[in-house]
Amino acid sequence: MSLGENVSTRVAYKAYATGAITSNSQPTSTSDPAATGGQILRRTTCTLDLAKDTYQSAEVRTDRQIADFRHGVKRVSGAISGELSPGTYWDFMEAVCRGTEGAAVALSESDLTSCAMDSSGTITFGGGAPVTLGLRVGDILRFTNLATSANNSTNFVILGFSGTSNRVLAVSPAPTTMTADTAFNVTTVGKTISVPSSSFVQRKFGIETYHSDLDVHRFFTECRVGGMKLQLPPSGMATAEFSLMGRDMETASGASSPFFTSPSAATTTGLLAAVNGIIRVGGSTVGVVTGLNIDMNLSPEAPAVVGQNYVPEIFLGRAMITGQITAFLEDFTLLNYFKNETEVEILAYLTASSAAAASAMTIHLPRVKFGDADVGLQGDAGIPISMPFNALKYETSVATAGIENTTIRIADTDAS
């Protein structure tokens, strides 16, 4: 009999019809989420596994031996990791934020009157109220139908708003200078998600690992996303890890395998790298950052109960977002953010290539506080500074136009 190989294993998932979990029963997988559909997932690792509480007898016996050992409540835990690419992990990002994705905003001269651009890095609309119409910091804009063709089909990331009715947009990259154009279309590309203040949405997924060379599968039921880790190295691919917790595992082989009979093909978008894009800290684009890590943890819990061997619920806690920036010491700007307990924003814009309209993502943390600023004096080269941080909810009392009242907001050009 042959041995299974990792390269021959397919990971696929599908959302259940509802995110609710029934405490004292489990759905029939062939009906919900059902074997049709599903989505094949790109990954580097998948550590999902079924675990059980175990316990043994403590009875004191004259034969001085243990006579019983039992299995208790079962639960699924583990993580799916991969190299970050637009569109690939959107369902999991939406689930960990527990919000509802925002659709693209499409506007034209009928909404904004005219559009002028300047190579200093601004776009100025002649009318309307862009923020009221739905534009936000971190959105990725693309124009069409402009007379200045260099500004068409190009990604522009919104960095901030100013001027009358917030009609002046600071953007990156800098556009080609042009006078006011009265015929244009502009769209925020893809979708957005953020942690809401209310109306939280529960989601759960069925996740299959199909070992095609053995013709067997493991199907992990009712999995909730309990955390997300994003790592943006200075040289290398950006990576994502999603921790999951579920209720059970089903197995099958032969004619009953795989579970998903017709899953959609894996995405083909390019991989994201921090070297293609920008990192902004405290409202300024910085060129000395050597790494950015973001860890969002919902502290999932799956408690045991009496009378059944599966958990009644998978509880998710509040969104705790921490992370770390590493950089080269250039001046006291970063260090003073920590010293003076200054609240700053972090905005990362990552692209899959250097093309003008590349697939891309933005990650916006509008309110961050640093917990340390460790300056290392080792070696002969540059001086590193490591700055762990906590991300906090951006409050209405300090609100700036175009920034959501949230802890994190993500835009993805290929989310669907």
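The structure contains zero disulfides, and the model described here is a predicted one. A disulfide is a covalent bond between the sulfur atoms of two cysteines. The protein chain has 416 residues, of which 46% count as buried. Its secondary structure comprises four helices and 27 strands.

- Cys46 takes part in no disulfide, and the cysteine sulfur nearest to it, belonging to Cys223, lies 9.2 Å away. Because its relative accessibility is 21%, Cys46 counts as partly exposed.
- Cys97 is likewise in no disulfide. For Cys97, the nearest cysteine sulfur is that of Cys223, at a distance of 19 Å. Cys97 counts as buried because its relative accessibility is 1%.

**Overall dimensions and contacts**

- Taken along the principal axes, the C-alpha atoms of the protein chain fill a box of roughly 90 × 50 × 45 Å.
- The accessible surface of the protein chain amounts to about 18700 Å², and carbon and sulfur atoms contribute 50% of it.
- Among contacts in the protein chain with a separation of 6 or more, 74% are between residues 24 or more positions apart.

**Nonpolar cores**

- The largest nonpolar core consists of 60 residues. Within this core, the residues with the most contacts are Leu84, Ile207 and Ile408.
- Another core, of 23 residues, lies apart from the largest one. Its members include Cys115, Phe161, Met178 and Tyr394.

**A buried strand residue**

- Ser172 is located in strand S11, which covers residues 168-172. This serine counts as buried because its relative accessible area, 16%, is under 20%.
- Leaving aside neighbours within four places in sequence, Ser172 is in contact with Asn155, Phe156, Val157, Leu159 and Ile278.

**A nonpolar surface patch**

- Leu329, Phe332, Leu377 and Ile383 form a nonpolar patch on the surface. Together, these four residues have about 400 Å² of accessible area.
- One of them, Leu377, is found in the loop that runs between strand S25 (374-375) and strand S26 (384-391). Leu377 counts as exposed because its relative accessibility is 69%, and the cut-off for exposed is over 50%.

Note on methods. Residues numbered from 1 in each chain as written. Predicted model: local features only at pLDDT ≥ 70, side-chain atom pairs only at ≥ 80, totals over all residues. Heavy atoms only, no water. Disulfide = S-S within 2.5 Å. Buried < 20%, exposed > 50% of the residue type's maximum accessible area, 1.4 Å probe, protein only. Patch = residues over 30% accessible without salt bridge, like charges linked within 9 Å, V, L, I, M, F, W, Y side chains within 5 Å. Areas by Shrake-Rupley, 256 points an atom, 1.4 Å probe, with all protein chains shown as cover. Salt bridge = Lys/Arg side-chain N within 4 Å of Asp/Glu carboxyl O. Helix = DSSP H or I, 4+ residues; strand = E, 2+ residues; numbered from the N terminus. Contact = heavy atoms within 4.5 Å. Core = buried A, V, L, I, M, F, W, Y, C linked by side-chain atoms within 4.5 Å.
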